[in-house]
Amino acid sequence: MIETHTQDTTPSFLEYKGRFKGLMGWIFSTDHKRIGLLYLYSMLVFFSVAAILGLLMKLELIAPGKTIMGAQTYNSFFTLHGITMIFLIVVPGLPAVFGNFFLPIMIGAKDVAFPKLNLVSWWIYIIGAFIALSAQFMGDGAPDTGWTFYAPYSFKTGTNMLPAVLGAFILGFSSIVTGINFIVTMHRMRAPGMNWMKMPLFPWALYGTSWIQVLATPIVGVTLLMVVLERTLQIGFFDPALGGDPILYQHLFWIYSHPAVYIMILPAMGVISEIIPTFARKTIFGYTAIVVSTLAIAFVGYFVWGHHMFTSGMSGVALYTFSILTFLVAIPSAIKIFNWVATLHKASIDLQTPFLWALCFLFVFMIGGLSGMVLGALSANVHLHDTAFVVAHFHYIVFGGTGYAFFGALHYWYPKMFGRMYDKSWANIGLAMFFTGFNTLYLPMFYLGMTGMPRRYYDYVDKFHGPNIISSLGAILMIVGLIVIITNLVRSARYGAPAVKDPWKGKTLEWTVASPPSLENFDEIPTVTDHPYKYE
Amino acid sequence: MNNHAHIDEHRDDEGAKTGMWIFIFTELLLFGGLFIVYSVYRYLNPMAFHLAAEELDVVVGTVNTVILLVSSMTIAMAITSIQLKNKKLTLILMGVTILLAIIFMVNKYFEWTGKISHGIFPGSEILHQSSQGEILFFGLYYAMTGLHALHIVIGVGFIAYVMWLVKTDDVKHDDYVILENSALYWHLVDLIWIFLFPLFYLIT
């Protein structure tokens with residue numbers, strides 16, 4: 001630490017004084033690191049709201065019948081919870097926060113290719129978020145369709161759908177702009193000597209993600225636009241009364257929204273691929289296999305959307321094809337799991353908090369992935385469709401996968417982002433509570449779904465009571481764990497011990513610059529000669 | 001204090017064009033969603049689509065196609081003339097492009113108002129009495145040509161902005177990537193029309 005401060009006379013990006021001061025220096029900054037933190041802070045706010053909504057829903061389900069809210073409130077809660085979590089946090093999450101902050105540093109660049117566009121994307125994000133959330137407070141009541149906006153309900157319901165749909169449409173633009181920016185950055189701005197196969201795996205994951213963002217988001221954009229036109233101008237697209245086909249809406253929606261699942265999970269896998277070699281002090285096993293499987297997931301992920309619609313009515317051939325492709329897309333994910341586990345073999349492991357997050361990720365991600373196989377099988381799907389089993393499955397993937405990777409990344413890169421260390425024991429206590437709570441919350445839902453409890457109901461029959469109590473108690477424990485984790489991080493930003501350049505002994509480029517980095521990251525652009533994870 | 005050149009001054013024409021091309025892909029996919037909807041509904045209602053398409057005026061459609069093709073040519077010529085350091089000609093050619101775009105929009109305006117005065121518009125009485133296929137056809141007609149018209153407006157705005165940059169010499173013979181990008185965007189607008197024209201006017 002003393003070393004970094006005496007040697008570096010350039011102020012860090014946190015201290016840098018630009019054209020504007022104070023808050024304006026942040027919300028009009030084109031520095032990729034500040035933009036990354038802007039995303040982080042905004043997401044933290046949205047996440048707290050959505051997590052509280054989730055907790056309230058679990059409290060409602062602690063007993064049969066009306067406990068703390070009625071059916072309509074419950075419907076709008078799961079809609080808002082879904083919209084916020086999916087469109088505002090999980091889809092943009094890792095790329096917008098850690099991609100913005102670390103992609104340029106990890107490939108040895110001073111910024112992304114289009115810094116101004118990058119700032120614009122944050123502004124679009126904020127505008128989209130406010131429009132989407134305004135639906136809750138204005139007009140004829142909060143939307144109650146679920147985050148999928150399924151036709152025909154989305155244009156028949158009397159609730160205030162328009163801002164929600166329009167907000168999601170606008171958020172898509174933010175996603176596209178970030179995607180374009182990252183692709184061009186990686187094509188044009190890698191440091192000298194860093195060829196594609198010397199690029200670290202988190203940038204690789206972002207590369208796959210960006211292509212999905214660019215190629216899939218427009219489809220949902222135009223679909224949501226059609227819903228908007230249908231509601232405002234009565235142009236028939238999906239309304240059977242006007243000749244439209246509601247099933248077509250589902251197809252178009254999932255053509256985007258299934259690849260979106262890979263927008264969520266690929267960067268998470270990238271984070272895990274960074275954390276594991278660092279704390280195993282070992283070259284990652286099968287670098288090429290991880291790269292190829294990243295691209296394979298991005299590609300095959302395009303052709304599996306039909307598995308969301310096994311009970312909606314499709315031809316037999318379509319059903320079989322989608323089912324087989326769904327099983328196929330599991331293979332590259334499994335390859336990655338094997339690579340990570342193989343990296344741990346005979347490694348000298350340093351058990352730090354980020355590594356523990358990565359281990360927990362492996363555990364929950366495997367449960368999520370394998371339960372996905374159950375749902376990908378046609379006969380099982382018919383039985384489990386729209387039950388609590390599905391809810392448990394995608395929370396294990398989306399929250400268990402992306403969420404764990406997000407917190408893992410936060411604990412991994414925290415010293416670099418804020419120049420401070422956090423309290424490790426509190427971080428571990430928080431993780432233990434969160435992990436226990438998480439599994440207590442979602443594991444019973446697999447059982448509930450198998451025994452027939454449908455999703456999206458505020459009420460249930462008595463036989464489901466027991467597991468629901470356990471699940472709700474798990475939710476409370478998980479939220480307490482989250483509070484411990486976030487409090488620890490917020491406190492440490494002020495009181496933590498100053499961080500050195502390379503607290504974890506990482507080998508990628510971000511550990512060669514000061515913590516926190518200076519405005520332009522590198523005094524001199526480095527020349528790369530080695531593989532990113534060269535430990536031996 | 002800090003004498004480092006700020007990152008904003010970083011210039012990469014190849015990168016800027018790559019970004020524009022990727023953005024054009026997203027635009028194509030945006031319309032792609034509508035093209036899918038069109039093909040599904042055409043497949044389901046072949047007769048109604050045939051009848052409805054006969055309502056449209058092929059002459060107006062053809063004239064508009066020619067106008068857009070010529071405007072694509074003039075904007076491409078504008079790039080050549082800026083390379084030849086002929087600022088005045090560049091501005092004239094860009095102005096012609098915008099003028100042609102406006103003529104296109106005027107034609108479109110008369111076409112739409114004509115339809116609307118015949119009572120053919122989404123939610124109208126006449127359309128409600130027609131077959132479902134016809135409702136879908138005209139819904140798609142208004143949505144797709146409307147979205148395309150919106151792109152024309154954006155393109156005109158973009159080209160007008162670049163014209164101003166040419167005028168102030170911010171775009172000149174050795175630094176004209178934004179002009180190339182505006183031209184790329186304009187070609188995209190043209191290309192989409194090339195697909196819309198046969199789908200709505202010619203296939204009957």
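Biologist: Where in chain A is A:Phe149 found?

Modeller: A:Phe149 sits in the loop between H6 and H7 of chain A. Keep in mind that we are looking at a predicted model.

Biologist: What is phi of A:Phe149?

Modeller: First the general idea: most residues other than glycine have a negative phi, and most peptide bonds are trans. Here, phi of A:Phe149 is near 50 degrees, a positive value in a residue other than glycine.

Biologist: Is A:Phe149 buried or exposed?

Modeller: The way to read this is to count neighbours: 20 or more other C-beta atoms within 10 Å make a residue buried. A:Phe149 has 23 other C-beta atoms within 10 Å, so A:Phe149 is buried.

Biologist: Now for peptide bonds. Which kind of bond runs from A:Ala151 to A:Pro152, cis or trans?

Modeller: Read the omega angle: the bond from A:Ala151 to A:Pro152 is cis, with omega near 0 degrees. A:Pro152 lies in the loop between helix H6 (115-134) and helix H7 (153-156) of chain A. Another cis peptide bond joins A:Ser515 and A:Pro516, where omega is about -10 degrees. A:Pro516 belongs to the segment after helix H17 (465-495) of chain A.

Biologist: Let us turn to helix packing. At what angle do H10 and H13 of chain A pack?

Modeller: For a pair of helices, look at the angle and at the distance between the axes. Helix H10 (residues 246-280) and helix H13 (residues 353-376) of chain A pack at about 125 degrees, and their axes are 9 Å apart. That angle makes H10(A) oblique to H13(A). As for handedness, the crossing of H10(A) and H13(A) is left-handed.

Biologist: Which residues meet where H10(A) and H13(A) touch?

Modeller: From H10(A) come A:Ile272, A:Ile275, A:Ile276 and A:Phe279, and they meet A:Pro354, A:Phe355, A:Ala358 and A:Phe361 of H13(A). Sorted by class, this contact has 8 nonpolar residues, no polar ones and no charged ones.

Biologist: I would like to get to know chain B. How many helices and strands are there in chain B?

Modeller: Chain B has 7 helices and 0 strands. Its C-alpha atoms fill a box of roughly 70 × 35 × 25 Å, taken along the principal axes. Of the 204 residues in chain B, 35% are buried. Contacts tell you how the chain folds back on itself: among those in chain B with a separation of 6 or more, 77% come from residues 24 or more positions apart.

Biologist: What is the mean pLDDT of chain B?

Modeller: The mean pLDDT of chain B is 87, with 95% of its residues at 70 or more. Over residues 1-8 of chain B, however, the pLDDT is below 50, and this stretch has 8 contacts in the model beyond near neighbours in sequence. Where pLDDT is low, the predicted coordinates should not be read in detail. For the model as a whole, the scores are ipTM 0.88 and pTM 0.91.

Biologist: How many residues from chain A and from chain B does the contact between them take?

Modeller: The contact takes 32 residues from chain A and 28 residues from chain B. On the side of chain B, the elements that give two or more residues are helix H1 (13-44) and helix H6 (132-167). H1(B) gives the most to that side, with 14 residues. By class, the side of chain B that touches chain A has 14 nonpolar, 11 polar and 3 charged residues.

Biologist: How far apart are the axes of H9(A) and H1(B)?

Modeller: The axes of helix H9 (residues 201-233) of chain A and H1(B) are 8 Å apart, and the two helices pack at an angle of about 40 degrees. H9(A) and H1(B) are therefore oblique to each other, and their crossing is right-handed. Among the residues making this contact are A:Val214, A:Leu215 and A:Pro218 of H9(A), and B:Ile22, B:Phe25 and B:Leu29 of H1(B). By class, the contact has 10 nonpolar, 4 polar and no charged residues.

Note on methods
Residues numbered from 1 in each chain as written. Chains lettered and ligands numbered in written order. Predicted model: local features only at pLDDT ≥ 70, side-chain atom pairs only at ≥ 80, totals over all residues. pLDDT = per-residue confidence, 0-100. Contact = placed C-beta atoms within 7 Å. Axes fitted to C-alpha atoms, helices over the stretch in contact; angles between N-to-C directions. Helix = DSSP H or I, 4+ residues; strand = E, 2+ residues; numbered from the N terminus. Parallel < 35°, antiparallel > 145°, perpendicular 65-115°, else oblique. Left-handed = near helix turned anticlockwise from the far one by under 90°. Nonpolar A, V, L, I, M, F, W, Y, C, P; charged D, E, K, R; others polar. Buried ≥ 20, exposed ≤ 12 C-beta atoms within 10 Å, placed from the backbone.
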